[in-house]
Every structure is written in C-alpha cells, then in structure tokens.
Amino acid sequence: MFEPHLSLCMIARNEADNIERCIRSALTVAEEIIIVDTGSQDDTVERCIALGARVIEHPWNDNFAEARNKGIEIASGKWVLWMDADEELDASAAQLIREVSMHTEEDILYLQVINYYGESRHHAHPAQAHLAAQARLFRNGKGIYFSGAIHETLQCAPGGLLPSHPLVLPVRIYHYGYMEDRIKEKQKNVRNLKILEKQKKLHESDPWLEYHLASEYNRQKRYEEAFQHVNLAIAGFLSHRRLPPSLVYKLKFEILFNDGSMAGAWPGIELALQLYPDYVDLHFYKGIFLMKNKFYVEAVSVFDHCLEIGENAWKHLTLRGVGSFLALECLAQCMEGLEKPGAAAVYRNLSHESRMTAA
C-alpha cells in the first residue's frame, strides 16, 4: 500500500471562499489531504473532495485541538503539515520541504508565517504584517499532538520537549485570518472570548489563557482589561518558574501605547530588554517612549539599533517595519524634533522606499 510522505491536515467550517486556494497551494508537497469539517453549511466539503481531499465530519465542541488531533489520528503520511483554510503556502516550498524532511533528524520543523492585518484579505499589503516562526511540520507517529481549546499549540509525547533552537525553513505561509473583514465574517472576537472564558473557569492558573484574553481585549480596544490580563499572564509564568515569553512583554507595551499610557512603560521596557536584548520590537517601543518624551538624541540611537537588528531573525513575533521603514519614519520625526529638516526628509524618503519594497 502506498504510504504518502506528507499529509496536509486542516480543520474547516464554512470555508468555501478560502479553502480551495489553501489546498491548491499545497498540492505539490502533500500526497494526502485530510480535512476535518466541523459543520459546514456551504459547499466547503464538496470543494475539498473535488481536489482529492478526504473529509471527516466531526462535531464542533469549542475545542480546536480536539478537531486537529482527529485529523492527525487519520493521517498516514510520514510527516504532517498543518494549516488553516485562510492560509496559503509559498508556491516554491515543495522541493525544500521534501528534501529537508527526508534527511533531517528533527521531529519538528518550523516555517515562516506572515500574519497580515488591515481591512480586507483581498488587498493585503506586505508592509502590514506580523512575522513569526511556527511549528508547522512534524514527524507522524511520534506522539506529537495539539493542546489547547483555542490558539492550540503542538506538544510532544510525555517526557518530550519542543526544540529550544528549532530549525526554521525559509518557507513561508501567508495567513489572512486577522484581516478585519475576516474577523467580522467569522465573528472571531465573540467566539474567541467565549472559548477563553470557558477555559479559564476550568484552568484558572494557565498564564497562556491570560495572555490570549489580553490579546483579544486589546483588539477590542478594551485596554484596561487587556492590561490586567497581560500582567496576570506575566505573574503566572513567573509563579510557575518560567520565563515569560517575549511576545507577552511585547503585548504589554503595545497595550500601554495603544491606551496612551506610555509613562507606565518605564522602566519595564529596560527590564524586558535585559531578558530579550535581541528583540527589535522592544527596542522600537523604547525608542517611541524616548521620542514622545522629547529625548530625541537618545531615541535616534535606539532607532539606529533597530535598523541594525532588522526583522528577519524569526525568533520573536515581530511587527514588520520596526526594523526598517517604521524605524526610519521615527528617525525622521526625531530629526524634526532636533530641527534638522534636511535629515528628516532623507529619512522619510528612505522610509517610503523601504515600505514600498517590503516583501
């Protein structure tokens, strides 16, 4: 019997407008396609079957990990690639994925995920995105599974650990799930808060739940609640004797800046940078704080450092532009504050050119 090398596993519900694009983007790399449908009322199932997918119907229980694990149970490939219906795999990925997966000793491989934001997924601009490396490929039959009712993550079999220095392939997945029209269409804010609050009643001490609650409240501009939960997340990680992940600190300062409460960011940013000195987003927030308080010379030094770090390390969740065109724009503003209009114009032109060439 033919054993596929790679299985594409997805969950879907009413994704007729997106899922064909996603599946087609992975056809050159996946010999098997498993779709776990959680109750579609459109023609999602028919479209998947037409592209050769095997569709499994599974009731929706407010639990993303449960649905994803159902697909893993059925997958027969040596490797599993997991994606969302509102994503698209880089068309040039097939050969590299196959070569690396056939020769690596790793059980989990990370890919470069581009998370777009903005008004419409039909007009996504490369300059409007968050960048992150995510565990998207894993060896089947090793006990690797998903955990978490929402914002589910990969877990290793008991006793195993995710790689501390993961192998990140230069293969990109384009994710459109957080475009504004997509959020409204799927009512993500309502759905996510419902599941998170339900899980919090069951797992009161989970700092990741607090982080995701903070993130949802931040998107809804409920900054006081967001700040409360992100601090609970930090405290929760520390109480478990775990270093709070870098993206938790990023969210904390993002909330403060969104709320116009930058004064509360100091000296917290300096302390966070001691933990994550290579995190360009934290340096950028420090520069914003200095610039808004008219410490222009000090801010210039920080934004110059942002340009030196860049934004292509993929180690941290990074806002595109903080190591390029956004830092250059801030340098232009600092030059204006220092009454150097000529230098300001140069930086602004560089910022515009950098934004136009973002990819």
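This is a predicted model: local features need pLDDT of at least 70, side-chain atom pairs count only at pLDDT 80 or more; totals for chains, interfaces and linings use all residues.

Biologist: What makes β6 and β7 a pair of strands?

Modeller: Two strands pair if at least two bridges are found between them. Strand β6, residues 108–116, and β7 are joined by nine bridges in the antiparallel sense, so they meet the criterion of at least two.

Biologist: How do you know that β7 also pairs with β11?

Modeller: β7 and β11, the latter being residues 318–319, share two antiparallel bridges; since the requirement is at least two, they count as paired. Here His130 stands opposite Leu319 in β11. Strand β4, residues 79–82, also pairs with β7 in the antiparallel sense, over three bridges, and the bridge partner of Trp79 in β7 is Arg139.

Biologist: Why is β7 described as mostly covered?

Modeller: Strand β7 spans residues 129–139, and eight of its 11 residues are buried.

Biologist: Why is Gln112 called buried?

Modeller: Gln112, in strand β6, has a relative accessibility of 9%. Buried means under 20%, so Gln112 qualifies.

Biologist: What makes the approach of Gln112 to Arg172 a polar contact?

Modeller: The side chains of Gln112 and Arg172 make this contact at 3.3 Å, and the cut-off for such a pair of N or O atoms is 3.5 Å. Beyond its neighbours up to four places away in sequence, Gln112 also touches several residues, including Ala132, Val168 and Trp314.

Biologist: How do you know that the buried residues of α8 line one face of the helix?

Modeller: In α8, the buried residues are Tyr223, Ala226, His229, Val230, Ala233, Ile234, Gly236 and Phe237. Seen down the axis of α8, they fall within an arc of 160 degrees, and therefore they line one face. In general, an α-helix has 3.6 residues a turn, so residues three or four places apart point the same way. The buried residues of α8 pack against α6, α7 and α9, while the face turned away from the buried side carries the exposed residues Glu224, Leu238 and Ser239.

Biologist: Are Lys221 and Asp62 buried or exposed?

Modeller: Lys221 has a relative accessible area of 63%, and exposed means over 50%, so Lys221 is exposed. Asp62 has 14%, which is under 20%, so Asp62 is buried.

Biologist: Why is the peptide bond from Trp266 to Pro267 called cis?

Modeller: The omega of that bond is near 5 degrees, and the bond is cis. Most peptide bonds are trans. Pro267 lies in the loop between α9 and α10.

Biologist: Why is Leu282 called buried?

Modeller: Leu282, in helix α11, has 0% relative accessibility, which is under 20%, so Leu282 counts as buried. Leu282 and Lys250 are 32 residues apart in sequence and 6.4 Å apart in space, C-alpha to C-alpha.

Technical notes: Residues are numbered from 1 along each chain as its sequence is written. Side-chain values use heavy atoms; hydrogens and water are left out. Buried means under 20% relative accessible area, exposed over 50%, partly exposed in between (1.4 Å probe, protein chains only). Helices (H or I, at least four residues) and strands (E, at least two) are DSSP runs, numbered from the N terminus. The arc is that of the directions from the helix axis to the C-beta atoms. Contact means heavy atoms within 4.5 Å. A polar contact is a pair of N or O atoms within 3.5 Å; within protein, one must be able to donate a hydrogen and the other to accept it, and residues adjacent in sequence count only if both atoms are side-chain atoms.
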